[in-house]
Amino acid sequence: MKITHPFTDRFPGDNTLNPHQRQTPGLLYSLVAPLEFPDAKLLGFNQELATQLHLSRTETEALTQGIYPKEVQPYATAYAGHQFGNWAGQLGDGRAIFLGETETEDGPLELQWKGIGATPYSRHADGRAVLRSSVREYLMSEAIYRLGIPGTRALALAATGDKVVRDIMYDGNPKEEPGAVIVRTAESFIRFGHFEFLTATNDVALLQDLADWCITRYFFEVENNGVEKYLNWFRAVAERTAEMIVGWYRVGFVHGVMNTDNMSILGLTIDYGPFSMLDAYDLNFTPNTTDLPGRRYSFGRQANIAHWNLYQLANAIFPLIKDQEALQQVLDEYGINFWKKYDRMMADKLGLDEPREADTQLFTDWQKMMDNLRPDYTLFFTALESFEPGVDVLTHFGNSFYAAPTKEQRQELENFLQNYLKRKQSNAFSASESRSLMQRSNPKFILRNYQLYEAIRQLENGDDAYFQKLWEALQTPYEERYPELCQKKPDWADGMAGCGMLSCSS
Ligand code: AMP
Ligand code: MG
C-alpha cells in the first residue's frame, strides 16, 4: 500500500504539529501525531477490504498500534456544523486522524483511524474511543455496505489494551472502559460541515477550491465547466443524499445524529454513533437519548432533516452561486425527487411494478397501519413475502407482533392486505418476479442494537464467538443464514440501555 496526501498537498494547513486545541480559520487541516498502542490486538479484520488495499493482517494490526509507513503524514481536518439545529461553530476531526489516500482497483480511498488520540479539534475531549462504540461502528458500517447503501467502511477493529474513562449515562459516574481503535475508509470523508466552516470564516476562494476538488474528483456526473457547475453539483449532492436516505428507510436505519457535520458530501452513511435499526415500526423512534426532548432525528423525520441540512449547505455554497432562487429550486426538487424514489422503494418492498397514482393511498394506508400496529419492520416483510390469500392473518404475521393486535389494528392490517392483493392482480410482474424483487429489497438479517449489546458484553469478557457470527451474518443480509439471528428483539432487551436507546458517549 502506497499512501499519498493529495488533500494536504492541495490545501492550506498548519504543519507545526502543535497539539493544542484551537481555532484554525483559513486552514483546512493540521498535522498531528497519533498515539501509539503497542499492545493493540485485532478483534476484527476485514479481509476483503484489506485485499483491496493490498494489506496483510500483520500490516493492518500494526496500523492499529499506531505504527505506519514513513511516508504517512497524519492529519486532522477542520469543519464546522449545525448540531441539533443550532450553529455550533468550528468542530473538526476530534478523534479521527487521516493516514492519507491510497489507490485501489476501484479508485482511491482515504484511510482514517478513529480513536487514536486528540487533535486540535478535540474540544477538550481525549480523542479516544471505547470498545462498545468501536464495535458498533465496525459492524454497522459493514452491514450498511452489504445492504447496498453507500457508506464508509471499516478495515479493522482493535482493542488498545488500555482504559478510557467515560460517563456513559451523563450522570456524574465516570467509569473506566476498555479502549479501542478502528481504521476506516471512504472515497472521501468531506462533510457538509467543511463548506460551512469556510463560509463562516468568509473564505470564498478556499470554498471554491474545495468545491472544485470535490467536483473533479468525486462527481463525474457533474459537467465540469460553465457557470452552472456549482449548481449542478449541489443538485448532485441532493440526489445522492436522497438516495442514501431512501436506502435508510428501506432497511429501517435510524442514524440518530444527523448534524450537518455528520453529513457526507458524497452521500455516504458516516459517523456511527447512537444509531439503531428499527425493531418495531415507529416513525417517532429515535435511538439517541440526547435527542429525546424534540425527537429531531427520529426515523420518520430523516427525510426532512436531510432537506434542512441541504438548506444549510445551500447557504454555505451561496457565495459560489449567488442565485437564491436557483438554489431554492434545487431544494424544492429534492422534495419531489425524494418522494419519487421513496415510492419506487416502497413498490420494491411490496413487489410491485411502477408506482401508480392510486398507490400513494396504498402506501399511506400501509404506513398508518404499521405505525398503529408497530410490528417488527423486518419480520413484517419476511411474512409478507410468503403471504397468500386465504391464510390466517394473525398466525401468518404472528412472528412480527410485539403485542397482540387489538380488534382495530387487526382490521387495519386485513384491509391493507386486501387492497394489496387487489393491486397485485394488475401487477406487471409475475408472481415469481414480484417475489424475487421483494427478496432483493427486504433484508432477512438486520444488525439489531440488542445483538450489538450482546456482542460487546461477550467481547468485554474475552469471547468473540458471537461478534464473529454477527460479522458472518451481516455479509449476506438478504439470506437467512442464521435463523436464530433473524428474530425480533427479545423481551429481556426491552428498555435496557444500549439495546434500544443510547447516549452519545463514545
Ligand atoms: P459526533 O456528533 O459524535 O460525530 O461528534 C461531534 C464532534 O465532537 C466532532 O467534531 C467529533 O470529532 C468530536 N468528538 C466526539 N467525541 C470525541 C472524543 N472522544 N474526543 C474528541 N473529540 C470528540
Ligand atoms: Mg461526527
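**Exercise 1. How do the residues of the shell around ligand 1 divide into nonpolar, polar and charged?**

A bit of housekeeping before the solution. This is a predicted model, so local features need pLDDT of at least 70 and side-chain atom pairs pLDDT 80 or more, while totals for chains, interfaces and linings use all residues. Residues are numbered from 1 along each chain as its sequence is written, chains are lettered from A and ligands numbered from 1 in the order written, and side-chain values use heavy atoms, with hydrogens and water left out.

*Step 1.* Sort the shell: three residues are nonpolar, six polar and eight charged. Here Ala, Val, Leu, Ile, Met, Phe, Trp, Tyr, Cys and Pro count as nonpolar, Asp, Glu, Lys and Arg as charged, and the others, Gly among them, as polar.

*Step 2.* Pick out who comes nearest: of the 17 residues around ligand 1 (a heavy atom within 4 Å), these are Gly92, Gly94, Arg123, Gly127 and Asn262.

*Step 3.* Look for N or O pairs within 3.5 Å, the cut-off for a polar contact. A nitrogen of ligand 1 sits 3.2 Å from a side-chain N or O of Arg95, and a nitrogen is 3.3 Å from one of Asp126. An oxygen of the ligand is 3.3 Å from a side-chain N or O of Asp271.

*Step 4.* Check the cover: the protein hides 80% of the 480 Å² of accessible area that ligand 1 has on its own (Shrake-Rupley method, 1.4 Å probe).

**Exercise 2. Work out whether Thr119 is buried or exposed, and what its side chain meets**.

*Step 1.* Thr119 has 1% relative accessibility, so it counts as buried (under 20%; exposed is over 50%, partly exposed in between, with a 1.4 Å probe and protein chains only).

*Step 2.* A polar atom of the Thr119 side chain lies 2.6 Å from the backbone oxygen of Asp93. Beyond four places in sequence, Thr119 also touches residues including Pro19, Val32 and Ile97 (heavy atoms within 4.5 Å).

Terms used: Polar contact = N/O pair within 3.5 Å; in protein donor to acceptor, adjacent residues only side chain to side chain.
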